[in-house]
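Here is a friendly briefing to read alongside the model. Have the sequence and the 3D view open as you go through the points.

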Amino acid sequence: MSTLGRRPTTTRAQISTIAIDLFTERGFEETSVDDVAAAAGIARRTLFRYYPSKNAIAWGDFDTHLAGMRAHLAGLPPSMGLAEALRSSLVAFNRLDPSEIVAHRRRMTLLLTVPALQAHSMLMYAGWREVVADHVATMTGERPGDHHPQTVAWLLLGVALAAYGQWLDDEDADLEALLTAGSRILDRGL
């Protein structure tokens, strides 16, 4: 059977990488969904099967990463303290293969500086905070929506965002060290 004429398989990651390249080169607002679809070699309609919006494309396959974070937390021994479990998960969630660093810097620069993406990020952060709040609730016997689990989730998100801000400002900065140091502030309290 010949595959002549068939398009190569496209993945969410490939589309996201292409889009980030275009957004970085041309600007987010100046790059249309049609531009991304054309560069990926797919139809606009096909692109929307992968991503519900232009803003979602820059996030890549975030839901898969959230599932990994949830699995990481669930796999930790019950004897591990809450602070250490959250730190472990925070670092694991943001651990990068050295070959991914340049691309991840580009992605995070877009997510943290483009106003439309910052607004969309609040939706994405809600899923991230939910994973954290669920774990805190499980460990403390509270409900995920209670004040304590929600506060911890917001604080841990703040640690991550502060670390990324520093990491993006300094190419020599070590993201894992920043995340670890920031999470230790939560251990000690303010």
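Predicted model: local features only at pLDDT ≥ 70, side-chain atom pairs only at ≥ 80, totals over all residues.

Residues are numbered from 1 along each chain as its sequence is written, and side-chain values use heavy atoms, with hydrogens and water left out.

**Overall build**

- The protein has 10 helices and 0 strands; both are DSSP runs numbered from the N terminus, with helices being H or I of at least four residues and strands being E of at least two.
- Along its principal axes, the C-alpha trace spans about 60 × 40 × 30 Å.
- Of the 190 residues in the protein, 39% are buried.
- Among contacts with a separation of 6 or more, 64% come from residues 24 or more positions apart, where contact means heavy atoms within 4.5 Å.
- The protein exposes about 10700 Å², and carbon and sulfur atoms supply 56% of this area; accessible areas come from the Shrake-Rupley method with a 1.4 Å probe, and for residues only the protein chains shown count as cover.

**Salt bridges**

- Side chains of opposite charge can pair when their charged atoms come close.
- The count comes to 10 salt bridges, each being a side-chain nitrogen of Lys or Arg within 4 Å of a carboxyl oxygen of Asp or Glu.
- Asp-21 forms a salt bridge with Arg-106, and their closest N and O atoms are 2.8 Å apart.
- Because Arg-106 lies in helix α7 (residues 101–113) and Asp-21 in helix α1 (residues 12–26), this pair ties together parts that are 85 residues apart in sequence.
- Arg-106 is partly exposed, at 27% relative accessibility.
- Glu-176 and Arg-95 meet through their side chains in a salt bridge of 3.4 Å, N to O.
- Glu-176 sits in helix α10 (residues 175–188) and Arg-95 in the loop between α6 (82–94) and α7, so the pair ties together parts that are 81 residues apart in sequence.
- Both partners count as partly exposed, with Glu-176 at 38% relative accessibility and Arg-95 at 49%.
- Asp-35 forms a salt bridge with Arg-26, with the closest N and O atoms 3.4 Å apart.
- Asp-35 is partly exposed at 27%, and Arg-26 is partly exposed at 45%.
- A network of salt bridges links Arg-70, Glu-130 and Asp-134.

- The mean positions of the 18 positive and 22 negative charges are 7 Å apart; Lys and Arg count as positive and Asp and Glu as negative, with His and the chain ends not counted.
- Each charge is placed at NZ of Lys, CZ of Arg, CG of Asp or CD of Glu.
- Asp-169, Asp-170, Glu-171 and Asp-172 form a negative surface patch, a term for residues with over 30% relative accessible area and no salt bridge, with like charges joined within 9 Å.

**A look at Ala-67**

- Ala-67 is part of helix α5 (residues 62–74) and is partly exposed at 47%.
- Ala-67 and Trp-128 are 61 residues apart in sequence but 9.7 Å apart in space, C-alpha to C-alpha.

Note on methods: Buried < 20%, exposed > 50% of the residue type's maximum accessible area, 1.4 Å probe, protein only. Patch = residues over 30% accessible without salt bridge, like charges linked within 9 Å, V, L, I, M, F, W, Y side chains within 5 Å.
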